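Welcome, and thanks for coming along on this tour. Please open the structure in your viewer and keep the selection tool handy.

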Amino acid sequence: RSVDVAIIGAGPAGLMLAHLLRREGLSTVTVDSRGEEEIHRTHRAGILEHASVEMLAHEDLGSRVLSEGHRHDGIDLRFDGESHRVDFRELVGESVWLYPQNEVFHDLASAAHHHTMDVRYEVSEAHPLDIDSENPGIRFVESDGSSRVVRARYVVGADGSRSVCRNAIPEHRRTHSSTTYPFAWFGILATAAPSAPELIYARSPRGFALISQRSADVQRMYFQCDPDTDPDAWSDEDIWNELQKRIDGPDHLELKTGPIFEKTVLKFRSFVCDPMRYERLVLAGDAAHTVPPTGAKGLNLALADVRVLAPALASAVRGNSALLDEYSSTALSRVWKAQNFSYWMTGMLHQDPEESTFASARHRGELRSVVDSVHGQAFLAEQYTGWPDIPTT
Ligand code: DHB
């Protein structure tokens with residue numbers, strides 16, 4: 001069997017790419033080691049940039065993003081117990097949408113069934129073959145144990161932060177850049193009413209907290225914790241107390257509580273692999289870059305990658321590889337802006353366990369430089385809502 005493009009990884013990056021290539025008239029196969037249900041149950045971020053919503057809202061995907069998603073026109077930055085609204089719409093004329101990543105996956109996977117696309121879940125040992133030849137491909141073992149080779153014109157690694165594809169690029173042909181953070185996020189899902197109309201990003205002496213949402217009766221919240229925290233050692237009461245302390249203030253903002261049905265500790269780091277292509281292998285999404293979660297750029301970056309990659313692959317398959325030659329530098333230009341934004345938001349809002357009084361006071365100065373200035377607020381708003389695409393020639 002042979003296709004135009006073989007994709008390893010059926011998360012949002014891989015599946016969205018497969019859909020874009022289908023529209024270009026290209027044939028694909030997409031494989032993933034996880035099961036469809038397992039990917040659907042993976043809780044990730046919930047904020048989509050305008051450009052991500054537009055991709056998802058294409059009629060041939062049948063997504064519920066516009067009917068079930070919620071437009072958010074701003075966020076609250078909260079520090080010293082006081083909230084400061086950043087009004088995206090007024091500042092930069094843009095909004096973001098709250099629509100959880102598992103719903104994004106659900107929509108893309110359902111549309112793949114609807115269009116009878118070749119997506120194979122629960123495969124094992126998937127890896128690229130002969131990527132420096134004219135006839136590359138992938139090899140994998142089906143869930144029934146049979147071994148398969150699919151030949152393709154190009155192979156895409158959309159296989160997440162522990163990418164196997166990335167490691168297929170010879171070591172001397174790629175550079176890895178990364179940084180780590182001395183904290184993690186404790187994430188919960190709870191059955192409760194929303195505590196505020198919009199998301200609250202809070203800095204407190206006890207550390208960061210994020211009050212997010214999922215729906216009228218399910219809420220998503222996070223608080224900064226030690227990376228070695230055992231989520232099961234925390235009772236619901238402990239968690240609600242900690243979250244409440246981090247948002248306490250003279251305005252008596254009070255969280256609406258309820259039973260917690262999901263607890264996870266998310267470790268995070270910043271990572272970039274440069275370049276994002278080697279010969280006939282191209283990386284997209286977390287396989288090439290990961291950001292800390294503050295600001296919710298991960299999924300949006302993955303979708304931005306495939307927005308650039310799909311037309312580039314389509315024209316390369318038709319014999320013109322000029323766009324594909326530019327893919328890595330075009331994608332990395334946005335990736336580094338998002339790295340900077342995620343790093344900036346993380347540093348500004350978190351409390352380093354070893355932080356000096358100088359560092360804490362400077363961070364407060366930094367937050368004041370944002371909220372006291374319309375330019376500071378607009379800088380945040382522009383980045384949070386997403387940068388426009390670089391026009392390709
Ligand atoms: C969510 C996660 C984020 O990292 C963020 O910045 C905003 C929202 C969320 O899961 O709802």
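**Charges over rings**

Start by selecting R280 and Y154: R280 sits over the face of Y154, 4.7 Å from the ring centre. Here a charge counts as over a ring if NZ of Lys or CZ of Arg is within 6 Å of the ring centre and within 35 degrees of the ring normal. Next pick K297, which lies over the face of Y384 at 5.9 Å from the ring centre.

Before moving on, note that this is a predicted model, in which local features need pLDDT of at least 70 and side-chain atom pairs count only at pLDDT 80 or more, while totals for chains, interfaces and linings use all residues. Residues are numbered from 1 along each chain as its sequence is written, and side-chain values use heavy atoms, with hydrogens and water left out.

**Into the core**

"Buried" means under 20% relative accessible area, "exposed" over 50%, and "partly exposed" in between (1.4 Å probe, protein chains only).

Helices (H or I, at least four residues) and strands (E, at least two) are DSSP runs, numbered from the N terminus.

**A stacked pair**

Which kind of aromatic pair do F186 and F223 form? A search of the whole structure finds 16 aromatic pairs. The one between F186 and F223 is stacked, at 4.9 Å centre to centre and 10° between the planes. Rings of Phe, Tyr and Trp (its six-membered ring) pair if their centres lie within 6.5 Å; planes under 30 degrees apart count as stacked, over 60 as edge-to-face and the rest as tilted. F186 counts as buried at 0% relative accessibility, and F223 at 1%.

**Salt bridges**

Finish with R1 and D118, whose salt bridge has its closest N and O atoms 3.0 Å apart. The rule asks for a side-chain nitrogen of Lys or Arg within 4 Å of a carboxyl oxygen of Asp or Glu. R1 lies in the segment before β1 (2-8) and D118 in strand β8 (residues 118-120), so the pair ties together parts that are 117 residues apart in sequence. R1 counts as exposed at 55% relative accessibility, whereas D118 counts as buried at 19%.
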